[in-house]
Amino acid sequence: MGRKILEIILSGLSDKNTRFNDLRKLLLSLGFAERIKGSHHIFTKSGVIEIINIQPLDAGKSKPYQVKQVRNLILKYKIHEGVLKNGQI
């Protein structure tokens with residue numbers, strides 16, 4: 001399931017329909033550490049300078065601009081390369 005979510009997010013075709021829990025689980029499976037402060041889920045990872053901050057919408061969906069931020073970060077640091085080749089998620 002994680003690999004499928006990763007492929008969907010990387011495609012950029014479903015930013016409005018990405019479930020918050022799917023995005024959260026993907027980040028965790030990619031090795032990000034999570035801390036929660038209210039509705040803010042803050043993710044950090046060794047070797048990644050930026051901090052990812054995501055919040056769910058009322059319907060349990062992710063905010064489209066936050067899905068795009070996650071995608072850009074995954075691509076920038078090439079976090080996806082080993083996962084897609086080896087299917088490690």
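**Surroundings of Ser62 and strand pairing**

Leaving aside neighbours within four places in sequence, Ser62 is in contact with Asp15, Thr18, Arg19, Phe20, Leu23, Leu57 and Val67. The model is predicted, and Ser62 is found there in the loop between β3 and α3, the latter spanning residues 64–76. The relative accessibility of Ser62 is 1%, so this residue counts as buried. One of the residues in contact with Ser62 is Phe20, whose backbone nitrogen is reached by the side chain of Ser62 at 3.4 Å.

Strands β1 and β2 form a hairpin, with two residues between them. Gly38 lies in the turn of this hairpin and has a positive phi of about 70 degrees.

Aromatic residues were examined separately. A search of the whole structure finds zero aromatic pairs. The ring of Phe32 does, however, have a charged group over it: the charged end of Lys45 sits 5.7 Å from the ring centre.

Methods
Residues are numbered from 1 along each chain as its sequence is written. This is a predicted model: local features need pLDDT of at least 70, side-chain atom pairs count only at pLDDT 80 or more; totals for chains, interfaces and linings use all residues. Side-chain values use heavy atoms; hydrogens and water are left out. Two strands pair if DSSP finds at least two bridges between them. Helices (H or I, at least four residues) and strands (E, at least two) are DSSP runs, numbered from the N terminus. Rings of Phe, Tyr and Trp (its six-membered ring) pair if their centres lie within 6.5 Å; planes under 30 degrees apart count as stacked, over 60 as edge-to-face and the rest as tilted. A charge sits over a ring if NZ of Lys or CZ of Arg is within 6 Å of the ring centre and within 35 degrees of the ring normal. Buried means under 20% relative accessible area, exposed over 50%, partly exposed in between (1.4 Å probe, protein chains only). A polar contact is a pair of N or O atoms within 3.5 Å; within protein, one must be able to donate a hydrogen and the other to accept it, and residues adjacent in sequence count only if both atoms are side-chain atoms. Contact means heavy atoms within 4.5 Å.
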